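Good morning, and thank you for the time. I would like to walk through one structure with you, part by part.

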Amino acid sequence: TLLSLENILSVEASCNKIGQSMMIPNKEGFVKDVRKFSPNVERFNRHPTDEVPFSSKDIEHFNFPYIQDGNVFLWESKNGVKMFMCIPEKIGSTAWKTLFSKYAAGLEPSAASHRFWHENPSPFKGSALKALNNPMVPRVVFTRDPIERFVSAYLDKIGRACDPIAQQYLHISSKNGSISTKYCSHMMGKFAGLPWDESTHPEVTLGRFITMLRAKYEEGGYIGQCDGGDFNMTTDLVYQHMPCHFLPQKQHCFREAKWDGSSRAMTFDYQLKVEEIGRWYAPLIRYLDLETAASQGFQSYSGEQCFFKIKGVSCEQMLQGEHSGSSASHDSHPTDARNFLRKYVGREDLKNMIKFLKEDYNSLGNYATPTVESLLLGIS
């Protein structure tokens with residue numbers, strides 16, 4: 001039986017007084033556990049190597065002062081609650097940074113307010129190492145179905161600039177009915193590290209794009225890691241930086257150690273699937289002390305008064321977690337990626353995409369690897 005958050009906090013207070021580690025049960029029996037923010041979210045056991053304390057050298061590349069896409073950061077609420085978080089690209093990172101900026105810096109939600117965290121360090125760096133070695137501080141990473149994330153990134157970053165079919169699907173009109181070679185070349189270089197020129201390359205399609213990207217990735221044509229710290233925007237056309245919007249999520253959030261041994265891998269206690277945001281949104285918002293910040297002020301930013309809500313559920317009900325289980329699982333990225341796949345992508349290209357992202361499905365562990373048939377039928 002899982003303990004309620006109130007009971008856990010009570011146990012935590014008692015344990016802190018007597019200097020003992022808190023123990024709570026999960027499906028694998030009694031284990032040293034982190035402070036649990038929701039009894040409805042499965043916890044993953046940390047890797048045994050985490051029993052060895054992290055050192056300052058282990059985390060020197062984690063870039064804790066800044067909240068950046070795909071980078072582990074330490075969140076500390078004004079009430080003192082801490083949590084390590086990581087939100088890769090195309091998993092709602094921009095929206096969440098907007099909420100964090102509203103809470104911590106008083107910035108009203110806008111198209112640019114999320115930039116605050118790229119340009120201003122948070123005040124939590126000094127306590128990061130101590131918190132990392134504290135088993136009571138939970139670690140959370142956001143995840144998304146790999147293929148839906150990939151297609152969403154393609155439509156957003158490449159398709160709207162280079163692919164006439166994607167433009168039609170997104171209801172975007174090209175100037176004079178043609179693709180801008182300069183703009184397409186810029187977007188292909190900036191977000192995929194791929195050279196493109198109208199005179200030497202055929203029209204961009206999702207199938208051709210995945211073939212080019214996969215070939216370069218498997219040949220070792222990219223350098224760095226998708227951890228928020230390796231990409232310099234001033235050199236975005238060098239064609240060697242990691243195309244983090246498209247690469248497997250295992251390449252983000254320091255899930256793997258640096259190849260040169262300069263930092264350890266990070267393991268997480270919780271993987272929060274954005275497809276199931278209805279299950280964990282309310283308890284996470286409450287845990288992070290974000291109820292007030294998330295309850296209002298987002299009308300001009302997202303069209304809703306509150307930060308997020310499920311269709312048919314009021315903002316107040318969403319923050320209180322008052323909705324039925326049948327409506328608890330909803331995708332927060334309404335790009336309808338699978339519909340695009342079903343309508344415009346052939347079987348061989350679907351096979352190619354599944355092969356490229358299979359390692360992501362295997363490493364995440366909580367998504368079933370799709371088949372070509374399930375994608376063509378639009379089955380999650």
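**A loop residue, a helix and a sheet**

Asp197 counts as partly exposed because its relative accessibility is 32%, where buried means under 20% relative accessible area, exposed over 50%, and partly exposed in between, with a 1.4 Å probe and protein chains only. This is a predicted model, in which local features need pLDDT of at least 70 and side-chain atom pairs count only at pLDDT 80 or more, while totals for chains, interfaces and linings use all residues. Residues are numbered from 1 along each chain as its sequence is written, and side-chain values use heavy atoms, leaving out hydrogens and water.

Asp197 sits in the loop between helix 7 (181-192) and helix 8 (206-218); helices (H or I, at least four residues) and strands (E, at least two) are DSSP runs, numbered from the N terminus.

Let us turn to helix 8. Among its buried residues are Leu206, Phe209, Ile210 and Tyr217. What covers the buried residues of helix 8? The cover includes helix 5 (146-162), helix 7, helix 13 (337-344) and helix 14 (347-364), contact meaning heavy atoms within 4.5 Å. After helix 8 comes Gly220, with a positive phi near 75 degrees.

Four strands form an open sheet in the order 3-4-5-6, with mixed pairing; two strands pair if DSSP finds at least two bridges between them. At its edges are strand 3 (73-76) and strand 6 (270-273), each pairing on one side only.
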